[in-house]
Each structure stands twice: as structure tokens, then as C-alpha cells.
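Please work through each task before reading its solution.

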Amino acid sequence: MDDKAKKTLSAIPLLKTKAGPREKDLWPQRLKEEYQALIQYVQNNKVADNDWFRLESNKEGTRWFGKCWFFHNQLKYEFDIEFDIPITFPSTAPEIALPELDGKTAKMYRGGKICLSDHFKPLWARNAPKFGIAHAMALGLGPWLAVEIPDLISKGVITYKEKSEQST
């Protein structure tokens, strides 16, 4: 892990409650910690002029969705994000999906789930249950976008869409 990643990671609060959605008594506390860590991470990103995603969840905190974006050659590429909290969470990391990129890169599973197995999943396993959704974004989706999006653009697999086209 490079120094920038370590600095980013050290600024995201670690989570204390080991609970998944099935632990009805502890899940609300874990969910509160998840939101606190996400809010801190987003605030850190804004201060660093590196705001790159928005997330929200269903009422139960088991289904998450939002947008992420990546700037390349001064153009903003925006993608939908979605994931479910696994039943075995926090032992198992969420599988983050960018559905509109499904089938466009080998580093993706069916349904647009990004491939994080080589680098991120061992890191998550060593740090569960202290890692949460903010850590998955910072150490999973963020680096994946930084590598894959410029490559997909250079190959012509994805092209820039004007704002009016993106919202239709």
C-alpha cells in the first residue's frame, strides 16, 4: 500500500461493532458507525478536493446505491453504484457493482461487480470487522476506477457523454 493510500486509510475511522444485518440488536449500532465513517471519508475527500462519490441506503442499511465519478482529461465520467451488504458482513466485504460497465472489462464479474479479489479482499480479511463501507470505497472502488476507467477510455470501450445525455 502506497503512502497516499495509508494516509487516506488512517483518516477513516475504524469500526468497533462486529455485526451484520442478521444481528438485529447490534446492526443499528454498526450502521451508525458505517454512516459516521462514510461522512468522515466524504468530508476528508471534499477538503482534499477529491470528492468522487455519493451513497445512500435503504432504511434497513442492507442495500446501497448512488453515483461515483472519475475525471479523465478534464471530462467527468459518471457511473451508478450499487451493492448489498452480505449476510456474513463484516467478515465478508460488499461486492460493489457498476452495472453499466458490465461485460466491458475482464476485471469485473457478472452484474457489473468489480473484481477486488487479488488486492482488496485479503486486506479486508485481515482487518475485519474494523473495516466498513468507507474502507471498501477508499481501498476497493477508488483504486479500481483509477486503473480501469482510463484504460476503458483509451480502448474506446466507454466514451464521454454530455450531461443532458447522462440524465436521460
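Contact means heavy atoms within 4.5 Å. The structure shown is a predicted model.

**Exercise 1.** Determine which residues other than its neighbours within four places in sequence are in contact with Cys115, and classify Cys115 as buried, partly exposed or exposed.

Solution. Step 1: Cys115 is located in the loop between β5 (113-114) and α3. Step 2: with neighbours within four places in sequence left aside, Cys115 contacts Lys107, Met108, Tyr109 and Trp144. Step 4: an unreviewed UniProt entry lists Cys115 under "active site".

**Exercise 2.** Describe how helix α2 (residues 27-47) packs with helix α4 (residues 133-154).

Solution. Step 1: the two helices, α2 and α4, pack at an angle of about 40°, and their axes are 7 Å apart. Step 2: this makes α2 oblique to α4. Step 3: α2 contributes Glu34, Ala37, Leu38 and Tyr41 to the contact, while α4 contributes Ile133, Ala134, Met137 and Ala138. Step 4: by class, the contact of α2 with α4 comprises 7 nonpolar, no polar and 1 charged residues.

**Exercise 3.** Identify the residues that touch the most other members of the largest nonpolar core.

Solution. Step 1: this core has 45 residues, of which Leu98, Leu141 and Ile149 touch the most other members. Step 2: at least two residues of this core come from each of α2, β2 (63-72), β3 (75-84), α3 (120-127) and α4. Step 3: α4 supplies the largest share, 12 residues.

Notes:
Residues numbered from 1 in each chain as written. Predicted model: local features only at pLDDT ≥ 70, side-chain atom pairs only at ≥ 80, totals over all residues. Heavy atoms only, no water. Axes fitted to C-alpha atoms, helices over the stretch in contact; angles between N-to-C directions. Helix = DSSP H or I, 4+ residues; strand = E, 2+ residues; numbered from the N terminus. Parallel < 35°, antiparallel > 145°, perpendicular 65-115°, else oblique. Nonpolar A, V, L, I, M, F, W, Y, C, P; charged D, E, K, R; others polar. Core = buried A, V, L, I, M, F, W, Y, C linked by side-chain atoms within 4.5 Å. Buried < 20%, exposed > 50% of the residue type's maximum accessible area, 1.4 Å probe, protein only. UniProt positions renumbered as here; feature names shortened; annotations may be inferred.
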